[in-house]
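Welcome! Let us walk through this structure together, one piece at a time.

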Amino acid sequence: MQYFSLVGNYVIIMLMKTVYVGMSGGVDSSVSALILKEQGYKVTGVYMKNWSRDLPGMKCPWAEDLADAKRVAVRLGIDFEVWDFEKAYREKVVEYMLEEFRKGNTPNPDIMCNQEIKFKLFYEKAMAAGADYIATGHYARVKPFSGTPRLLRAVDENKDQTYFLYRISDEALAHTIFPIGGMLKPEVKKLAEKKGLHNAYKKESMGVCFVGEVGMKDFLKEYIDVQPGEIREIESDHVLGYHEGAVFYTIGQRHGLYLDGEKGVMNDGLPYYVVKKDIDNNIVYVSKNLNHAAIWTNNLKLKDLFFRSWPRPASPSTKVACSSSSRKNEPARSSLVSSGSLPRVAGANSRAAALRIATSQKKSSSNIGVRLRHRAPLIPATFDGDTLRFESEIKRPASGQSAVFYDGEVCLGGGIIV
Amino acid sequence: MIYLDHAAATPVDRRVLEAMEPYFAEKFYNPSAAYLPAKEVSADYEAAKATIAHAIGAKASDLVITAGATEANNLAFTCLKPREYPSFSERSLAPVVTGIGRSVFATSANMLLERGHSSRLLYLVTEHDSVRRVAEQYGGEAIGVLPNGLIDLEELKRKITDETELISVSLANNELGTIQPLAEVARIIREVKLERMKRGLKRQLLLHSDASQALNLLDINVARLGVDLMTLNAAKVYGPKGVGALYVSHEAKLSPLTYGGGQENGLRSGTENVPGVIGFAEAVRMAKEHLNGNRKKYAAWRKILLSELQGYELINKQHALDSFVVLCYNDVDAERLVFLLEEKGVYVATGAACAASKGVKSHVLKAIGLTNEQIAGSLRLTVGETNTEEQIYEAAKIINGVIEGEYDRCSG
């Protein structure tokens with residue numbers, strides 16, 4: 001390489017840290033790359049090709065997204081590569097998602113994508129390629145604390161994406177930069193404009209990009225064999241209409257129900273809500289009773305818990321990823337203040353976190369909370385090992401979605417709603 | 001702005017625009033209507049078609065106006081009827097009995113839907129996707145090209161069987177500008193036909209040619225070229241987009257593409273795109289008028305580019321349209337060049353994988369034997385009426401600068 005010929009350059013090169021930044025072609029990752037470049041990192045942009053299949057009535061925009069990402073990289077004068085994760089994405093994210101839907105759950109593929117692709121495969125490949133750090137355009141922050149990285153909510157509360165990031169590994173997080181986590185979205189846009197990047201991309205990248213404009217339902221229809229079935233009123237067990245497949249419906253949903261108006265069921269103008277799904281018999285149960293027990297709850301059982309490392313001042317931090325397999329059959333309903341010995345590290349840590357939630361909450365309940373949806377407000381709660389308890393009733397989130405715990409601005413981890 | 005992508009699109013010429021203008025709001029009548037103003041529009045439409053047809057040595061009634069070249073190509077492949085050659089029974093609409101003793105007219109609207117007879121349909125491997133994809137749909141078989149981009153005539157001869165009914169070879173390639181020896185192809189076809197007749201085999205054998213890129217750059221005469229079907233495109237010759245035509249000789253019999261009011265000889269029903277065809281005709285008239293002057297001008301510009309540009313390898317050395325310069329640079333990612341040039345207001349195309357070609361490497365460059373590295377470093381410059389000689393010099397300077405910058409960046 002030529003830069004070794006000059007001593008001055010040589011020194012600079014040696015001091016420059018290398019960052020591989022995931023670039024989607026959207027404004028957030030574009031500005032992230034820009035910031036890193038201006039901070040003096042040696043930056044390589046990477047487009048992760050996760051999905052390219054066209055769907056009926058929709059052309060997958062991957063090539064255009066890739067072109068947008070590359071155009072920005074070229075304008076910034078940084079290297080650019082395309083990494084093909086399509087096979088892994090299909091196996092780890094799409095198959096998981098389809099399997100969950102088949103079971104009647106409503107999974108969150110973005111969380112899985114971050115856990116398995118962006119902060120695993122991308123991270124590993126970048127490190128192998130000589131990266132010191134990886135970076136993404138997520139709205140989140142990472143702060144080291146006693147040698148362990150802490151995942152913090154973004155400064156822009158509206159855009160905070162830690163809900164999607166709670167399951168990424170400590171190791172990856174320790175090597176991650178979120179360049180725009182401290183910025184507000186308008187600031188990001190402004191910076192893009194100022195640097196002339198605003199013309200380099202067309203649109204914001206979307207979450208589940210591959211279902212994009214088709215919508216999840218049409219996507220699922222391509223992959224899940226569904227049959228029409230009955231919609232029944234739960235109180236009377238009368239058949240009120242028909243649905244396109246029970247897997248498409250979530251508890252609490254009130255749109256997209258094909259009800260038979262002639263029976264007078266719609267006459268009072270009150271909407272029906274989905275309150276129960278019988279996946280085995282392909283029956284969707286609805287009710288007009290907005291107070292139906294199935295819609296409201298004051299507790300949520302969680303599985304596949306994942307607690308972020310939470311270094312206690314006294315002891316060195318331990319890795320605390322709770323894998324689903326290690327916890328599946330564990331009777332974890334130990335009481336909150338139980339001091340009985342716990343056999344597993346994972347259990348100990350999850351309970352440590354649980355304790356922390358509870359104790360912190362005593363101090364200041366507004367400081368602690370659970371997020372049940374991206375951008376949803378934080379709800380105060382206690383956690384006793386596998387069940388979240390709320391002070392007042394909440395609308396029940398769909399099973400398969402995540403509950404993510406926060407202590408102030410720190411993301412503690414979370415679990416999948418059963 | 002220096003636009004060097006005239007093979008992708010051309011601006012509508014001011015005169016074309018002016019010619020079209022009255023037919024939007026003023027002479028808007030349906031050509032099929034009975035009253036006089038509508039009849040006038042109908043006459044103008046027919047005259048415009050005649051202008052287009054005459055430019056290729058054909059009659060107005062030989063043309064089927066389509067919404068662009070893609071549709072014309074699809075019409076040719078999808079709607080060609082199975083037919084024996086020469087067929088006199090066609091005129092009397094009597095069923096033709098095939099060798100296996102059944103009526104083809106009774107069983108099949110379009111022959112090509114019957115798959116499994118790959119040699120029924122032959123197409124040049126470097127054809128545009130609007131030929132390739134539709135040919136693949138019907139099980140067509142590709143004919144290779146030589147490293148210079150010209151059709152491999154020996155392979156063509158080998159691949160023509162008694163089943164072969166249609167051969168598609170573009171007049172000029174859209175990525176390289178390579179001008180195919182259509183008359184040679186037609187000669188081979190004529191020989192095969194004669195030989196078939198001697199043996200009493202009466203199957204048709206037709207030549208289709210996509211001439212989208214060549215209409216304003218070559219002197220085209222369907223009889224001299226020996227084609228039976230030819231695709232034309234207004235958008236490449238300073239006419240409006242979404243307007244094209246398929247020339248259909250009396251040898252080729254097509255089934256309708258759309259059903260309705262029976263426009264375009266019943267093959268493509270739908271109210272005529274009058275302004276579009278008026279504009280197409282004006283564009284064709286201009287192309288004819290300036291054909292020789294433009295060719296000379298473009299040839300001179302090609303020379304300038306080849307002498308001013310540095311460090312490239314020329315891909316389309318011979319047999320190319322004067323307006324096409326296809327280059328490749330070693331160890332350079334041409335798509336980066338496209339974006340760098342775009343920043344400097346120079347618009348070019350590349351055959352490299354990614355956005356320029358929907359993530360797929362150019363099948364044309366692959367077919368002429370370029371390596372992946374060469375394809376990744378390939379640029380296509382196509383000059384045209386938006387350019388001036390100064391621009392050509394300026395573009396060469398900018399491209400040289402950008403290339404140098406990329407080499408510098410790569411070497412730290």
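Helices (H or I, at least four residues) and strands (E, at least two) are DSSP runs, numbered from the N terminus. Residues are numbered from 1 along each chain as its sequence is written, while chains are lettered from A and ligands numbered from 1 in the order in which they are written. This is a predicted model, where local features need pLDDT of at least 70, side-chain atom pairs count only at pLDDT 80 or more, and totals for chains, interfaces and linings use all residues.

Let us begin with a sheet. In chain A, 5 strands form an open sheet in the order β3-β2-β1-β4-β7, with parallel pairing; strands pair if DSSP finds at least two bridges between them. Its edge strands, β3 (79-84) and β7 (176-177) of chain A, each pair on one side only. Between β2 (residues 42-49) and β3 of chain A there are 6 bridges in the parallel sense, and A:G45 has A:F80 in β3(A) as its bridge partner.

Now turn to a helix in chain B. Helix α14 (residues 389-410) of chain B has 22 residues, and at 1.5 Å a residue it should span 32 Å, which agrees with the 32 Å between its end C-alpha atoms; the expected span is 1.5 Å times one less than the number of residues. Buried residues of α14(B) include B:I392, B:A395 and B:I399, where buried means 20 or more other C-beta atoms within 10 Å of a residue's own, exposed 12 or fewer, and partly exposed in between, with C-beta atoms placed from the backbone. Seen down the axis of α14(B), the buried residues fall within an arc of 135° (taken from the directions from the helix axis to the C-beta atoms), so they line one face of the helix. On the other side, B:E390, B:K397, B:E404 and B:D408 are exposed.
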